[in-house]
Amino acid sequence: MVSPSPNVFISHNAHDVGEGRRLGAQLKLVGADVWFDKWEIKAGESIPGKVDEALEAFDIFVLLWSEHAATSPWVKSELEAALVRRMEQNELRVIPVRLDDTPLPLLLRPLKNLDMEDGVESAVDAIMGFSND
């Protein structure tokens, strides 16, 4: 069971920042504590340091998956860290949110994933556990 105000980490490629911003804003509106790099990393702060802190604290890791994300070293590193935490703490969730038809990595295929084409509201409901569709 996720806490009433889950910590949600949104992993995305720079090309998908708009989708991440929209999803993050909607998650905040329903009470999630959202970590989105554009909102959390201030000028002069260590990017790897801030990302590392956030990866240690998430309850829900949302991976915005696209053709761009599939080739991103940053996304790959964040996903690897999230999967390690997920193996250590089974209650954590890793949720792939598909932005296009790029195949998911093999390790993510067994996980229930979301499709952004179903709408941001539908994704928020599923991430927050408001629906089991």
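Q: Which residues of helix H6 are buried in this predicted model?
A: Helix H6 covers residues 120-128, and the model in which it is seen is a predicted one. Its buried residues pack against helix H1 (17-29), strand S3 (60-65), strand S4 (93-98) and strand S5 (114-115). Just after the helix, Gly129 takes a positive phi of about 85°, while the buried residues of H6 itself are Val120, Ala123, Val124, Ala126, Ile127 and Met128.

Q: Which element gives the most residues to the largest nonpolar core?
A: The largest nonpolar core has 22 residues, and among those with the most contacts inside it are Ile10, Leu23 and Met116. Two or more residues come from each of strand S1 (7-11), H1, S3, S4 and H6. Of the elements that contribute to this core, the one that gives the most, with six residues, is H6.

Q: Which residues is Leu23 in contact with, leaving aside its neighbours within four places in sequence?
A: Leu23 is one of the residues with the most contacts inside the largest nonpolar core, a group that also includes Val62, Leu64 and Ile127. Once its neighbours within four places in sequence are left aside, Leu23 is in contact with Ile10, Val62, Leu64, Met116, Val120, Ala123, Val124 and Ile127.

Q: Why is the pair of Phe9 and Trp35 described as stacked?
A: A pair of aromatic rings is described by the distance of the centres and the angle of the planes. The centres of the Phe9 and Trp35 rings are 4.8 Å apart and their planes lie at 5°, so this pair is stacked. Because Phe9 lies in strand S1 and Trp35 in strand S2 (residues 33-35), the pair ties together parts of the chain whose separation in sequence is 26 residues. Planes under 30 degrees apart count as stacked, and the angle here is 5°.

Q: Which residue forms the salt bridge with Lys50?
A: A search of the whole structure finds one salt bridge. With the closest N and O atoms 4.0 Å apart, the partner of Lys50 is Glu53.

How values were computed: Residues numbered from 1 in each chain as written. Predicted model: local features only at pLDDT ≥ 70, side-chain atom pairs only at ≥ 80, totals over all residues. Heavy atoms only, no water. Buried < 20%, exposed > 50% of the residue type's maximum accessible area, 1.4 Å probe, protein only. Helix = DSSP H or I, 4+ residues; strand = E, 2+ residues; numbered from the N terminus. Contact = heavy atoms within 4.5 Å. Salt bridge = Lys/Arg side-chain N within 4 Å of Asp/Glu carboxyl O. Core = buried A, V, L, I, M, F, W, Y, C linked by side-chain atoms within 4.5 Å. Phe/Tyr/Trp six-rings, centres within 6.5 Å; stacked < 30°, edge-to-face > 60°.
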